[in-house]
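Subject: Structure handover

Hello,

Here is the structure we talked about passing on.

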Amino acid sequence: MSEPLIIAGYASLFGLPDLAGDVVEQGAFQTSLRRLPAASIRMLYQHDPDRPIGRWIEAFEDQAGLWVRGLVEPNHPETQKIAALIRAGLADGLSIGFRALEAAPRPAGGRILKTIDLREVSIVTFPMLPRARFRVRGSTPSTRPLVPADLARRVQPPAAPAA
C-alpha cells in the first residue's frame, strides 16, 4: 500500500487570460468557497465525473488565485496509474470545472469572470490556464502556497501557521 499523495498548487490565477481568453477576477470564488467546504469540491481526473481520484482538503483565495491542497488516493485500482503519472511529473496541471454566475465580455475575446460557481478541480494533462499547476508535497502536509516564480514579485503568499 502506498501513502496518499499530497499535492498543492494554484487551480486558477487572477488576471491571466486562459487559452479561451477568460480571465478570473480576484474574489470570483468567494461565494462558492463560503458555501462549499474543500472536501465538497470534487477532485477529478481530466474533468471526468466517473474518475474521482482523491479529495481536496483545503481551498482558498489569496492575492494570486485559487490555491488548493489535496490527497490523491494511490491505492484504488482506478487511480494507481494516475498516481504514477503524478509521481513521474507527467501530470501536473490543474483545471477548474465551474459555472459562470457573473461575467462580462472582454474586448480581446473571452470573458471577465466575476463570480464563479466552483464544481470541481481536476488534475489534467493540459490545463486551460497553462500556469495552473501543482506540486507533490510529500507525506508532510504544508499550508504554504507555491507561488509561481513570476508572480512571487507581485504577491506575498500567506505565512505558514505557527507550529
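Predicted model: local features only at pLDDT ≥ 70, side-chain atom pairs only at ≥ 80, totals over all residues.

Strand E7

I started from strand E7, which spans residues 111-124. Of its 14 residues, 10 are buried, so the strand is largely enclosed by the rest of the structure.

Which strands pair with E7, and in which sense? Strand E6 (residues 93-105) runs antiparallel to E7, and 12 bridges join the two. Strand E3 (residues 42-45) pairs with E7 in the parallel sense over 4 bridges. Strand E2 (residues 23-24) is also parallel to E7, with 2 bridges between them.

For Arg42, the bridge partner in E7 is Glu120.

E6 and E7 form a hairpin with 5 residues between the strands. Within this hairpin, Gly109 takes a positive phi near 100°.

Salt bridges

Side chains of opposite charge can pair when their charged atoms come close. How many salt bridges does a search of the whole structure find? The search gives 7.

Glu25 has 32% relative accessibility and counts as partly exposed. Lys114, at 28% relative accessibility, counts as partly exposed too.

Another salt bridge joins the side chains of Asp117 and Arg99, at 3.2 Å from N to O. Asp117 lies in strand E7 and Arg99 in strand E6, so the pair ties together parts that are 18 residues apart in sequence.

Is Asp117 buried or exposed? Its relative accessibility is 7%, so Asp117 counts as buried, the cut-off for buried being under 20%. Arg99, at 44% relative accessibility, counts as partly exposed.

Asp117 has a salt bridge with Arg119 as well, where the side chains meet at 3.0 Å, N to O. Arg119 is partly exposed, with a relative accessible area of 44%. Which residues do the shared partners bring into one network? Arg35, Arg99, Asp117 and Arg119 are joined in this way.

Pro52

The last item is a residue in another strand. Pro52 is found in strand E4 (residues 48-61). With a relative accessible area of 49%, Pro52 is partly exposed, as the cut-off for exposed is over 50%.

What does Pro52 touch, leaving aside residues up to four places away in sequence? Its contacts are Met43, Leu44 and Thr79. Pro52 and Ser122 are 70 residues apart in sequence, while their C-alpha atoms are 8.8 Å apart in space.

In short, E7 has 10 of its 14 residues buried, pairs with E6 over 12 bridges, and holds Asp117, which is part of a network with Arg35, Arg99 and Arg119.

Regards

Terms used: Residues numbered from 1 in each chain as written. Heavy atoms only, no water. Buried < 20%, exposed > 50% of the residue type's maximum accessible area, 1.4 Å probe, protein only. Pairing = 2+ DSSP bridges. Salt bridge = Lys/Arg side-chain N within 4 Å of Asp/Glu carboxyl O. Contact = heavy atoms within 4.5 Å.
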